[in-house]
Amino acid sequence: RTTLAAPAFQIDSTLDEDQAALAALYDAVAPSVVNIQVESVASAANLPEIPGFELPEGDMPLQQGEGSGFIYDNEGHIVTNNHVVEGAQKVVVNFNNGMWARAEVVATDPQADLAVIKVTPPDDMTWTALALADDSSIKVGHTVIAIGNPFGLAGTMTTGIVSALGRGFPVGSMGARYTLPDVIQTDA
């Protein structure tokens with residue numbers, strides 16, 4: 001006969017407490033999350049080849065795209081993904097409070113898919129930089145929360161867990177591939 005021991009941990013919260021904590025976290029973090037809209041000139045290199053069809057000469061049509069980012073510091077820097085701003089001719093940041101500002105791309109790392117843009121915050125806006133945690137305290141199984149604006153849907157929040165630590169993540173095109181080290185894998 002086998003006896004199973006009870007888990008060596010105890011959950012001290014209730015569903016109501018967990019829901020209240022998530023709602024409070026959203027309220028605290030949402031002002032630091034932004035929507036980024038971009039316009040760029042379409043590139044013939046990114047268009048599929050169609051046999052018998054030639055692209056017209058001259059300017060290509062404008063493409064529009066968008067993504068999420070977060071306020072990094074009090075100097076106007078916002079962190080986003082490189083693929084959001086890559087090739088952008090115009091970048092506009094929409095803040096949680098309905099205000100907006102034009103931005104410029106100041107740094108990119110295409111291999112890590114990270115970019116930094118900079119804005120001058122609108123007058124009378126409360127600017128809230130996102131507080132970053134010490135990554136040495138993260139453990140597999142910890143709850144993670146993603147707040148953003150995917151597909152133009154403002155104010156989206158989802159939860160998950162840390163699935164693994166120290167993962168390698170292959171990035172880059174065929175000729176310039178390498179692996180990002182120490183990636184935190186999540187399922188959020």
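## Close-up views of a predicted model

**View 1. Asn-149 has its place in the loop between β7 and β8 (156-171).** Strands such as these, with at least two residues in state E, and helices, with at least four residues in state H or I, are DSSP runs that are numbered from the N terminus. The structure is a predicted model, in which local features need pLDDT of at least 70 and side-chain atom pairs count only at pLDDT 80 or more, while totals for chains, interfaces and linings use all residues. Residues are numbered from 1 along each chain as its sequence is written, and side-chain values use heavy atoms, with hydrogens and water left out. Is Asn-149 buried or exposed? Asn-149 is buried, because its relative accessible area is 7%, where buried means under 20%, exposed over 50%, and partly exposed in between, with a 1.4 Å probe and protein chains only. Its side chain reaches the backbone oxygen of Val-34 at 2.9 Å and the backbone nitrogen of Gly-155 at 3.1 Å. Such a polar contact is a pair of N or O atoms within 3.5 Å; within protein, one atom must be able to donate a hydrogen and the other to accept it, and residues adjacent in sequence count only if both atoms are side-chain atoms. Neighbours within four places in sequence left aside, the residues in contact with Asn-149 (heavy atoms within 4.5 Å) are Val-33, Val-34, Asn-35, Ser-68, Ala-154 and Gly-155. Glu-66 is 83 residues from Asn-149 in sequence, yet the two C-alpha atoms are 8.7 Å apart in space.

**View 2. Thr-80 has its place in strand β3, which covers residues 77-80.** At 4% relative accessibility, this threonine counts as buried. The side chain of Thr-80 reaches the backbone oxygen of Ser-68 at 2.7 Å, and Ser-68 is also one of the residues in contact with Asn-149. Beyond its neighbours within four places in sequence, Thr-80 is in contact with Ile-36, Ser-68, Gly-69, Val-85, Asp-113, Leu-114 and Ala-115.

**View 3. Phe-95 and Trp-127 form an aromatic pair.** How many aromatic pairs does the count come to? The count comes to 1, under a rule by which rings of Phe, Tyr and Trp (its six-membered ring) pair if their centres lie within 6.5 Å, with planes under 30 degrees apart taken as stacked, over 60 as edge-to-face and the rest as tilted. The two rings of Phe-95 and Trp-127 are edge-to-face, at 5.8 Å centre to centre and with 65° between the planes. Phe-95 lies in the loop between β4 (88-94) and β5 (100-109) and Trp-127 in the loop between β6 (114-119) and β7, so the pair ties together parts that are 32 residues apart in sequence. Phe-95 is buried, with a relative accessible area of 5%, and Trp-127 is buried as well, with 15%.

**View 4. Ala-101 lies in strand β5.** This alanine is buried, with a relative accessible area of 7%. Its contacts, apart from neighbours within four places in sequence, are Val-91, Val-92, Val-93, Phe-95, Val-119, Thr-120 and Pro-122. Ala-101 and Thr-120 stand 19 residues apart in sequence, and their C-alpha atoms are 6.9 Å apart in space.

**View 5. Leu-22, Leu-25 and Ile-145 form a nonpolar patch on the surface.** Together the three residues have about 190 Å² of accessible area, a quantity that comes from the Shrake-Rupley method with a 1.4 Å probe and, for residues, with only the protein chains shown as cover. Patches are made of residues with over 30% relative accessible area and no salt bridge, like charges being joined within 9 Å and nonpolar side chains (Val, Leu, Ile, Met, Phe, Trp, Tyr) within 5 Å; a salt bridge is a side-chain nitrogen of Lys or Arg within 4 Å of a carboxyl oxygen of Asp or Glu. Ile-145 has its place in strand β7, residues 143-148.

**View 6. Asp-124 has a positive phi of about 65° although it is not a glycine.** Most residues other than glycine have a negative phi. Asp-124 belongs to the loop between β6 and β7, and at 80% relative accessibility it counts as exposed. A positive phi, of about 55°, is also found at Asp-182, whose place is in strand β9 (residues 178-186). Asp-182 is exposed, with a relative accessible area of 64%.
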